[in-house]
Structures are given as C-alpha cells and as structure tokens.
Amino acid sequence: MPNVFVILFIMMILVTFMTYVIPSGSYERIENESGTTVIDPDSFQFIEKTDPIGFQDFFTSIYTGVVNGISIMANVMICSGCLALLTYSKALEGGVQKLSKLTKGKSSITLVIFFLYFAGMNIMGAGEGCYPFFPIVTAIIVSLGYDRLVAAGTIMFAATAGFACGMVNLFTTGVSQQIVGLPTFSGMWYRGIVFLVLFVIGLASVLIYAARIKKDPNKSYIADDYRKQLAEQEKAKAEGQVEETPFGWKQGVTLLLFLALIFFLAYGCLNLGFGLGQFSAYYLVFAILVAIIFRVSPSRFCELFIQGVSQVLTAAFVIGLANSILVLLNQGSITDTLVYYMANALEGRNAIITLALILLFVTALNFLVTSGSGKAVIMMPVLSPLGTLLGINQQVMVLTYQLGDGLTNMLWPGGGLICCSLCGIDYGDWIKMAWKTFACMIAAGYILIVIANAIGYGPF
C-alpha cells in the first residue's frame with residue numbers, strides 16, 4: 001500500500017473531482033424545539049457553483065484541515081506525552097507480567113482485558129480520546145509474542161463494537177435521538193444486545209487469529225515481520241536481555257491511579273459533559289502524580305513528555321489531512337446533494353429494502369464524512385419523515401444510522417489510516433486481516449435492524 005499521506009491525498013483529488021461532477025445543493029438549516037441545528041428536509045435546492053475548488057483552494061485545504069482538526073490533534077499529542085510517564089513507570093508491563101504468572105502464561109486473558117477496555121470506553125463515545133493509548137497497548141501485546149495485527153484487532157474491533165452499538169454514545173445516538181424527538185438514550189436494552197453481538201464477533205475474530213499465528217507464525221498476514229520479531233525476542237531471551245519487570249508499591253499505586261483516571265473520565269463523559277479538553281487536563285494531572293511518585297525531575301519530565309509526543313506526530317498529521325477532505329466537501333457543497341439523491345432513491349420502497357439502502361448509504365457516506373454527529377445533523381431530518389411515511393419507528397431509523405456510521409470507522413481510510421499509524425501497521429495488511437470481520441459485523445447489524453423493525457423497537 002502507498003504511504004498513508006499518499007492515500008489521503010488521492011482521496012482529496014477524488015473529492016475535488018466529485019465537486020465538479022456532482023451539482024452543488026443545500027438544505028436550509030433551522031433550530032428545532034430542543035435547540036439543535038438541523039436541516040429542513042423540504043428546503044433542498046440546487047445552487048450555482050460560485051466558488052469552485054481551484055489549485056490554491058486544493059492546497060489551502062490542507063492547512064485548513066489541520067486547523068479544524070487541531071483539538072483532536074492536541075488531545076492526541078498531550079495525552080501521548082502524559083502516557084510516556086506511564087510507560088516510564090513500567091506499571092502496565094509489570095501488571096501484565098504478574099497477570100501472566102497468575103494465569104500460568106495464558107496471554108489471551110490480557111487480550112480480553114484490553115478488548116473490554118476499548119469496548120467500554122467507546123460505548124460512551126470516547127473515540128479519539130483513546131488514541132493515545134494505542135501505541136502502549138500495541139507494544140504490550142507484541143511483547144506477549146503476538147504480531148501487531150493482533151494488537152490492532154484487539155483495539156479496533158473492540159472500539160467498533162462499543163462505538164457502533166451507540167448504547168450511551170452522545171455523538172451518534174444522543175444527537176440523533178434529540179433530532180427526532182426521542183428520549184435521550186431510550187431503547188438502551190436493545191442497543192445492549194447489539195453490543196454483545198458485535199463484541200462476540202470482534203473478540204472471537206481476534207482470539208482465533210491470535211491462536212492461529214501462535215501455532216504457526218507463517219499464517220500471520222505479516223509473516224516476514226512476525227518471524228523477525230519472534231527471532232529477536234528469542235535472541236533477547238537467550239542472551240538474558242529480557243528481565244522481569246518490577247512491580248512494587250510504586251507500580252501498584254500508578255496502576256490504581258490509571259484505573260481511577262479511566263473510571264473518572266468515563267463518569268465525566270456520561271454525567272459531566274467531558275470533552276477532549278477535560279481528557280487532556282486529567283491526563284496531565286495523572287502524569288504529574290506519576291512523576292512525583294517516581295521522583296522524576298522537571299527536566300526529565302519534559303524529556304519524557306516530548307518523547308511521547310514524537311511517537312504520535314505522524315498520526316496527528318493524518319488527522320489533519322483527513323479533515324482536509326471534509327473542507328473540500330464543504331466548499332464544493334455536495335454533501336447535501338448526496339443526501340437529497342438518497343432520499344429520492346428511497347421513495348416508494350418497502351421497509352426492509354429501505355433499511356438496507358439507508359445502512360449502505362450511511363456506510364458509503366462514512367468513507368468521506370467521518371463525523372458521526374455531523375452526519376446526524378444532515379441525515380436524521382431526512383430519515384425521520386421517511387420513517388414516518390413507511391411506518392418505521394424513529395428508534396429503528398436511529399439504530400440504522402448509528403450502525404451505518406460506526407461499523408466502518410476503523411475500516412475506511414478516514415479513521416482506519418489514523419489507527420493503523422498509531423499501531424504501526426500497514427493499512428493494506430489491516431484490510432486483509434479485518435475485512436471478513438467487518439463484513440460479519442455489517443451483516444449482523446442489518447439482521448438486528450430487521451429484527452428491531454419487526455418487534456416495533458421504540459418507544460416510537
């Protein structure tokens with residue numbers, strides 16, 4: 001596969017071409033009863049392309065994309081710098097080694113624990129807030145004798161199951177339900193079932209692949225790198241270079257502080273309206289406390305912080321370039337046109353076909369527009385009256401939207417390239433390993449949507 005920036009640059013060229021082929025159009029934005037800005041589904045009109053994307057606009061979009069994505073980029077860099085103190089403490093590594101002893105070397109238990117962590121955080125819509133943790137978890141899983149794809153699968157399949165189910169995800173479920181007038185987070189029981197199904201599919205996929213490559217390293221999708229990695233690990237063991245990581249009271253206290261941080265941030269997401277700014281702030285507090293415990297000098301603290309930041313610089317700029325695609329879409333004014341075409345294509349179709357087409361359309365649109373809340377503001381005012389006309393409950397329409405948005409966040413380049421960069425894997429290798437699992441998740445998601453429609457999933 002080409003370099004991650006080459007892939008995103010090609011996508012920018014593709015979007016620019018689309019803006020010249022697809023007519024510009026716009027819905028009128030209004031404020032609904034709950035104070036949310038939405039589109040008026042009856043207000044679409046084609047508009048003249050008064051500001052076509054030119055040579056200068058194309059390259060300026062890169063700068064604008066970085067500026068627009070700076071909040072996420074800043075969070076990733078600040079939190080990664082703070083987590084360098086966690087790495088320095090060796091609390092996680094020591095904890096994993098201690099767990100391995102207690103479980104008599106059953107490293108698959110570690111995979112399950114990390115899977116639960118990333119799934120749980122994304123149930124609440126943490127999303128980008130988990131990015132800084134990717135490199136650390138990847139390094140730990142690799143140290144257990146797995147390849148990097150096992151680490152990527154553990155992280156990304158778990159994140160997909162948690163985010164897509166939308167159980168208490170304010171960015172997709174919360175916004176969508178607010179737009180259509182449903183009680184916030186109503187229907188949670190069924191989204192819990194959706195989570196369990198996606199969770200089992202993702203975890204089973206990881207554990208089966210992990211067991212297969214442990215038995216025969218040649219079956220790894222990155223067999224050459226994996227064999228080299230195993231050889232280096234065996235050589236280090238033979239030469240006595242692998243030492244047992246200490247796990248004293250300092251590491252124990254650090255691990256407890258980190259667990260407290262996770263639970264506090266989870267509580268903050270659900271009850272205090274925490275965003276990326278609060279995530280960054282409390283990661284900094286955690287890092288300072290770790291520095292005090294281990295008596296890290298201020299200068300050494302800064303050195304470690306910069307080392308942590310440097311590890312995610314590539315991923316941070318990937319976020320900025322991915323935002324450039326959205327800048328070009330907005331300048332070309334074709335997103336509303338695509339939604340309008342979809343609405344016309346669905347007229348007169350029965351509920352089952354309509355739900356399938358909506359799921360496919362949102363999945364396809366997610367290739368270009370990665371923002372879950374952004375797509376909800378555009379699409380739900382269109383999908384809501386469509387559901388009313390066809391006798392489909394609003395809760396079912398919300399479920400269809402959130403699955404279409406969430407199931408491919410880690411598959412399409414807009415999000416997948418960022419995560420692959422953080423895990424240190426090639427995007428092409430990830431696709432080879434992951435496409436069957438995502439296909440199963442999408443198929444299961446559609447079946448769950450059909451069942452939800454059949455049982456009258458509501459309250460309305």
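This is a predicted model: local features need pLDDT of at least 70, side-chain atom pairs count only at pLDDT 80 or more; totals for chains, interfaces and linings use all residues.
**Helix packing, salt bridges and a buried threonine**

Biologist: Left-handed or right-handed crossing?

Modeller: The crossing of α6 and α19 is right-handed.

Biologist: Which residues meet there?

Modeller: On the α6 side, F134, P135 and T138. They meet C419, L422 and C423 of α19. The contact has 5 nonpolar residues, 1 polar and no charged.

Biologist: Switching to charges. How many salt bridges in the whole structure?

Modeller: A search finds 4. One of them pairs R29 with D336. Their closest N and O atoms are 2.5 Å apart.

Biologist: Which parts of the chain does that pair link?

Modeller: Distant ones. R29 sits in strand β2, residues 29-31, and D336 in helix α15, residues 335-346. The two are 307 residues apart.

Biologist: Is D336 buried or exposed?

Modeller: Buried, at 7% relative accessibility.

Biologist: What about E303 and R300?

Modeller: Their side chains meet in a salt bridge, 3.2 Å from N to O. Both are in helix α13, residues 298-310. They are 3 residues apart, so about one helical turn separates them. E303 is partly exposed at 44%, and R300 is partly exposed at 31%.

Biologist: And which salt bridge involves K432?

Modeller: The one with D429, at 3.4 Å from N to O. That pair lies in helix α20, residues 427-454. Again they are 3 residues apart, about one helical turn. K432 is partly exposed at 42%.

Biologist: Why does D429 count as buried?

Modeller: Because its relative accessible area is 17%, and the cut-off for buried is under 20%.

Biologist: New topic, T19. Where is it?

Modeller: T19 is in helix α1, residues 4-21. T19 is buried, with a relative accessible area of 3%.

Biologist: What is T19 in contact with, leaving aside neighbours within four places in sequence?

Modeller: K49, I53, L328, G332 and I334.

Technical notes
Residues are numbered from 1 along each chain as its sequence is written. Side-chain values use heavy atoms; hydrogens and water are left out. Helices (H or I, at least four residues) and strands (E, at least two) are DSSP runs, numbered from the N terminus. Buried means under 20% relative accessible area, exposed over 50%, partly exposed in between (1.4 Å probe, protein chains only). Contact means heavy atoms within 4.5 Å. A crossing is left-handed if the near helix is turned anticlockwise from the far one by less than a right angle, and right-handed if clockwise. Ala, Val, Leu, Ile, Met, Phe, Trp, Tyr, Cys and Pro count as nonpolar, Asp, Glu, Lys and Arg as charged, and the others, Gly among them, as polar.
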